[in-house]
Amino acid sequence: MTRPVFAPLPPDVTRFSGIEILQKMMTGELPMPPMAEVMGLRGVHAEPGRVIFTSTPRAEFLNPMGTVHGGYAMTLLDTVLACTVHSTLAAGQSYTTLEVKANFVRAILPDAGELTIEGTILSAGRRIGTSDAKITDGKGRLLAHGSTTCMIFSGE
């Protein structure tokens, strides 16, 4: 398997729908965002209204108490929530996050192993999209969940 490329998307991606962009990033046809490299995020599934990513926490993500910092979980949720909305966009549309809410259910421990972050769409409207996501560990235990509201833009 070749190492993924991490870079901002080229300007001509507006010709693709949101789901096409996500799928092309997952196959390596388009670069992954640089933040995905920092967070160790890997896209494993994308369909309209549903995306799944994985990530394994590293020692760099620990807080002073020796557990994984909540900002790591929040960033995983924010990314997957936004990608879930992105998966519903038509070619030429874009979005920005208006609001994100997270609930931390249990501590993420340094030995948590690979985490699964799954997002599902709640509403994909003309101007607003909302989604839910959850983070589970390898044993299927819920670690955190959240929701987002995104504003959808058409055109340039």
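**Close-up views of a predicted protein model**

**View 1. The largest nonpolar core.** The largest nonpolar core of this predicted model has 30 residues. Phe-53, Leu-76 and Ile-135 have the most contacts inside this core. A nonpolar core is a set of buried Ala, Val, Leu, Ile, Met, Phe, Trp, Tyr and Cys residues joined through side-chain atoms within 4.5 Å. Buried means under 20% relative accessible area, exposed over 50%, and partly exposed in between (1.4 Å probe, protein chains only). In soluble globular proteins, nonpolar side chains tend to be buried together.

View 2. Helix 3 gives the largest share, 7 residues. Helices (H or I, at least four residues) and strands (E, at least two) are DSSP runs, numbered from the N terminus.

**View 3. Around Phe-53.** What does Phe-53 touch, not counting residues up to four places away in sequence? Its partners are Met-26, Met-32, Leu-41, Arg-42, Gly-43, Val-44, Val-80, Cys-83, Leu-115, Thr-116 and Ile-117. A contact means heavy atoms within 4.5 Å.

**View 4. Ser-87 in its loop.** Ser-87 sits in the loop between helix 3 and strand 3 (93–104). Is Ser-87 buried or exposed? Ser-87 counts as buried because its relative accessibility is 2%. Glu-20 lies 67 residues from Ser-87 along the chain, yet their C-alpha atoms are separated by 7.9 Å. Leaving out residues up to four places away in sequence, Ser-87 touches Gly-18, Ile-19, Leu-22, Glu-47, Pro-48, Gly-49, Arg-50 and Val-51.

**View 5. The whole chain, for orientation.** The protein chain has 3 helices and 6 strands. Along the sequence they follow the pattern α-α-β-β-α-β-β-β-β. The C-alpha trace spans about 45 × 35 × 25 Å along its principal axes. Of the 156 residues, 37% are buried. Take the contacts with a separation of 6 or more: residues 24 or more positions apart account for 62% of them.

**Notes on the model.** Residues are numbered from 1 along each chain as its sequence is written, and side-chain values use heavy atoms, with hydrogens and water left out. In this predicted model, local features need pLDDT of at least 70 and side-chain atom pairs count only at pLDDT 80 or more, while totals for chains, interfaces and linings use all residues.
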